[in-house]
Amino acid sequence: MESSAQGSTGTETPAAPGSDGLSRVPAQSRSDAVEYGGYGAYGEDTDRERCGPADAARGEHPHSETSAPAVGFARAAAAAASAPSRPVVQRASVRGQILDALRTALVTGELLPGEVYSAPVLGERFGVSATPVREAMQQLAQEGAVEVVPNRGFRVAVRGARELAELAEVRALIEVPVMLRLARTVPGERWVELRPLAEASVRAAASGCRATYAEADRIFHRALLALSGNEQLVAIADDLHRRSQWPSADGPARRGRADLVADAAEHMSLLEALAAGELDVVQTLAREHFAGSSG
């Protein structure tokens, strides 16, 4: 059902506050909507602990707090515990901060596929109004991560293995020809410049945090494709890449640290093949990389 109660005007309004000050979903409607908090369906406890401050998301965010850096539910909670006062989030940046936090929650599986989340309840967690949350969710809807449910909120999209396979195929169709061209034309020293980014992705994978690795992964791929000088290509490829990282109901988001490390190792192998101009190896590695992972 819904994470908010509807008023007579049909607009989305927060549910009544619970004893801890947070808006609660009516008991009779909780089967179809959840509040943000607790472990997600795809997050293992050990993985979440390795994500650092992000796993504090289980903590409650006091109702009286009206401004907190919206860099994630967990970080807002951590800031509240460590500082007597915090800078007020500027309106120009709050939407972007919340968007980043929601993307992290999607990657880690803390926002559950098929569940409906209301902007007022999520706003309570961030310590902001519902408006920037709605704006961020609208952006996620354009990216295909959530679906708008009128007068109720946003439902996290339920995706299957077929969609992931289609994304991998499209990414390969776009990126592999570019990589082959770059392998023939880019001088060796330019590939050396990308090595620190590949190594950073390996370190991020070793942390076991899917959100940390997802960002390092995209940074590496963006830098690689940027060598083409085609900004439109980079933007389109990055959008497809991000979509491939959203959780799937079929289980690919259950990847553990070993899977992330193996995925990151492919960055190193791909970079070496590109630098050596080994076109057949580049093509094979790139296609396998897209098909076998969310990276």
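**Exercise 1. Which residues of helix α11 are buried, and which elements do they pack against?**

*Solution.* Start with the accessibilities: Val-282, Ala-286, His-289 and Phe-290 are the buried residues of α11. Next, look down the axis: these four residues lie on the same side of α11, because they cover an arc of only 90 degrees around it. Now turn to the other side of α11, where Asp-280, Glu-288 and Ala-291 are exposed. Finally, list the partners: the buried residues of α11 pack against α6 (161-185), α8 (210-226) and α10 (257-276).

Bear in mind as you work that this is a predicted model.

**Exercise 2. Find how far helix α11 reaches from its first C-alpha to its last.**

*Solution.* Take the ends of the helix, residues 279-291, which make 13 residues. The reach from first to last C-alpha is 18 Å, close to the 18 Å expected at 1.5 Å a residue.

**Exercise 3. Describe the surroundings of Leu-279.**

*Solution.* First place the residue: Leu-279 belongs to helix α11. Then classify it: Leu-279 is partly exposed because its relative accessibility is 28%, and that class lies between the cut-offs of 20% and 50%. Leaving out residues up to four places away in sequence, Leu-279 touches Leu-180, Ala-183 and Arg-184. Take Ala-183 as one of these: it is 96 residues from Leu-279 in sequence, yet the C-alpha to C-alpha separation is 6.9 Å.

**Exercise 4. Work out the strand order of the open sheet, and say which strands are at its edges.**

*Solution.* The open sheet has 3 strands in the order β3-β5-β4, with antiparallel pairing. Its edge strands are β3 (116-117) and β4, each of which pairs on one side only. Between β4 and β5, which run antiparallel, there are 4 bridges. As an example, Val-146 has Val-156 in β5 as its bridge partner. Helix α5 (residues 130-142) packs on the sheet and touches β4 and β5, with a direction at about 120 degrees to that of β4.

**Exercise 5. What is the phi of Asn-151, and where is this residue found?**

*Solution.* Locate it in the loop between β4 (146-149) and β5 (153-156). Phi of Asn-151 is near 65 degrees, a positive value in a residue other than glycine. For comparison, most residues other than glycine have a negative phi. Asn-151 is partly exposed, with a relative accessible area of 37%.

**Exercise 6. Over which residues does pLDDT stay under 50?**

*Solution.* Then go to the stretches: pLDDT stays under 50 over residues 1-50, with 136 contacts beyond four places in sequence. It also stays under 50 over residues 52-89, where the model has 77 such contacts.

Notes. Residues are numbered from 1 along each chain as its sequence is written. This is a predicted model: local features need pLDDT of at least 70, side-chain atom pairs count only at pLDDT 80 or more; totals for chains, interfaces and linings use all residues. Side-chain values use heavy atoms; hydrogens and water are left out. Helices (H or I, at least four residues) and strands (E, at least two) are DSSP runs, numbered from the N terminus. The expected span of a helix is 1.5 Å times one less than its number of residues. Buried means under 20% relative accessible area, exposed over 50%, partly exposed in between (1.4 Å probe, protein chains only). The arc is that of the directions from the helix axis to the C-beta atoms. Contact means heavy atoms within 4.5 Å. pLDDT is the predictor's confidence in each residue, from 0 to 100. Two strands pair if DSSP finds at least two bridges between them. Axes are lines fitted to C-alpha atoms, for helices over the stretch in contact, and angles run from 0 to 180 degrees between N-to-C directions.
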